[in-house]
Amino acid sequence: MVLYKLEDFEPSYQDSFDGHDLKGLGVYTQGTDEKVGTVSDVLVDEEGHFRYLVVDLGFWIFGKKVLLPIARARIDYNVDRVYTIGLTREQAEDLPEFDERQTLDYDYEERVRGVYRQPTDYTPPVEAATPLDPLAGLDPLGTPVPPLGTTPTYARDSYTYENEPALYGLNEQDHQTLRLYEERLIASKRRQKTGEVTIGKHVETDTARIAVPVERERVVIERVTPADAGTAVSGREADFREGEVARIEIHEETPDVRKEAFLREEVRVRKVVDQDTVETQETVRREELDVNSGNLPIEER
């Protein structure tokens with residue numbers, strides 16, 4: 001059950017109250033006129049029905065806000081006050097604190113309802129009664145309640161506010177203004193995952209070729225006939241010997257190739273949000289006033 005702030009649900013809500021504003025009204029205990037706090041906001045359901053008043057308990061408990069079910073409040077525009085029905089200081093201390101930043105769920109509301117279900121300002125009848133006996137007891141609004149010592153149980157999936165009129169019913173005595181409701185489409189967005197992109201790396205191998213110029217030495221033996229060939233030489237000049245007469249070292253170059261890593265490119269990964277508008281439609285209901293006056297003249301303003 002989703003709840004909305006009244007101003008978010010209906011920005012012009014003051015028109016339905018003849019210009020009155022619930023927010024800011026003082027909250028008092030019925031009978032003792034002790035000030036409890038101030039109405040700081042109003043919560044309505046998806047159909048616009050009042051469900052809770054958000055009360056700042058500044059006069060009782062500094063800095064704490066709690067929820068007051070609408071049936072536990074009586075609004076008196078003549079004195080610009082809201083009177084609580086059966087709310088005690090002990091109950092206010094037991095109520096879970098309201099934080100508008102947190103989502104209201106069934107468990108939280110059950111904690112709130114559990115406090116208000118506690119019998120505080122009525123006495124169950126003395127005669128024996130079974131838990132199913134509707135006459136086991138009445139709350140201040142005249143609504144049947146379970147006998148003392150029993151707690152009503154409800155199913156999470158089937159619970160509706162209509163199950164507990166003692167908390168959420170708008171009785172004619174305390175709420176005499178007839179309000180006509182209409183449904184409006186409340187747009188919200190839900191983020192859902194449509195997929196994912198995984199970025200990774202893998203290594204590929206290839207054969208690289210490189211040309212390296214090298215030098216190799218070789219010996220060239222050249223025989224030539226001198227110009228004075230055939231001329232007699234002396235015995236001292238003629239050197240006849242065997243064995244090695246000369247040594248020449250031969251060199252050559254061989255390629256020396258090594259691998260070295262270099263930065264090739266950078267890859268930047270980012271997300272881009274594309275804006276789009278999606279249209280949807282739904283059937284909404286609106287209440288219209290039916291007046292059956294017979295032959296009596298009726299003036300509508």
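Q: Where does E249 lie?
A: The model is predicted: local features need pLDDT of at least 70, side-chain atom pairs count only at pLDDT 80 or more, and totals for chains, interfaces and linings use all residues. Residues are numbered from 1 along each chain as its sequence is written, and side-chain values use heavy atoms, leaving out hydrogens and water. Helices (H or I, at least four residues) and strands (E, at least two) are DSSP runs numbered from the N terminus. E249 lies in the segment after α4 (165-168).

Q: Is E249 buried or exposed?
A: Buried means under 20% relative accessible area, exposed over 50%, partly exposed in between (1.4 Å probe, protein chains only). E249 has 60% relative accessibility, so this residue counts as exposed.

Q: What area does the nonpolar surface patch with I199 make?
A: I199, like E249, is found in the segment after α4. At 54% relative accessibility, I199 counts as exposed. Nonpolar side chains are joined within 5 Å, and areas come from the Shrake-Rupley method with a 1.4 Å probe. V197, I199, V267 and V269 make a patch of about 450 Å².

Q: What is the phi of D33?
A: D33 sits in the loop between β2 (26-29) and β3 (35-44). With a relative accessible area of 42%, D33 is partly exposed. D33 is not a glycine, yet its phi is positive, near 55°.

Q: Which loop holds D80?
A: D80 also has a positive phi, about 55°, although it is not a glycine. Its relative accessibility is 41%, so D80 counts as partly exposed. The loop runs between β6 (73-76) and β7 (81-84).

Q: Which pattern does the protein chain follow?
A: The chain has four helices and seven strands. Read along the sequence, these give β-α-β-β-β-β-β-β-α-α-α.

Q: What share of the contacts joins residues at least 24 apart?
A: Contact means heavy atoms within 4.5 Å. Take contacts between residues at least 6 apart in sequence; the share joining residues at least 24 apart is 60%.

Q: What share of the residues counts as buried?
A: The protein chain exposes about 24800 Å². Carbon and sulfur atoms supply 47% of that area. Of the chain's 301 residues, the buried share is 26%.

Conventions. Patches are made of residues with over 30% relative accessible area and no salt bridge: like charges are joined within 9 Å, nonpolar side chains (Val, Leu, Ile, Met, Phe, Trp, Tyr) within 5 Å. A salt bridge is a side-chain nitrogen of Lys or Arg within 4 Å of a carboxyl oxygen of Asp or Glu.
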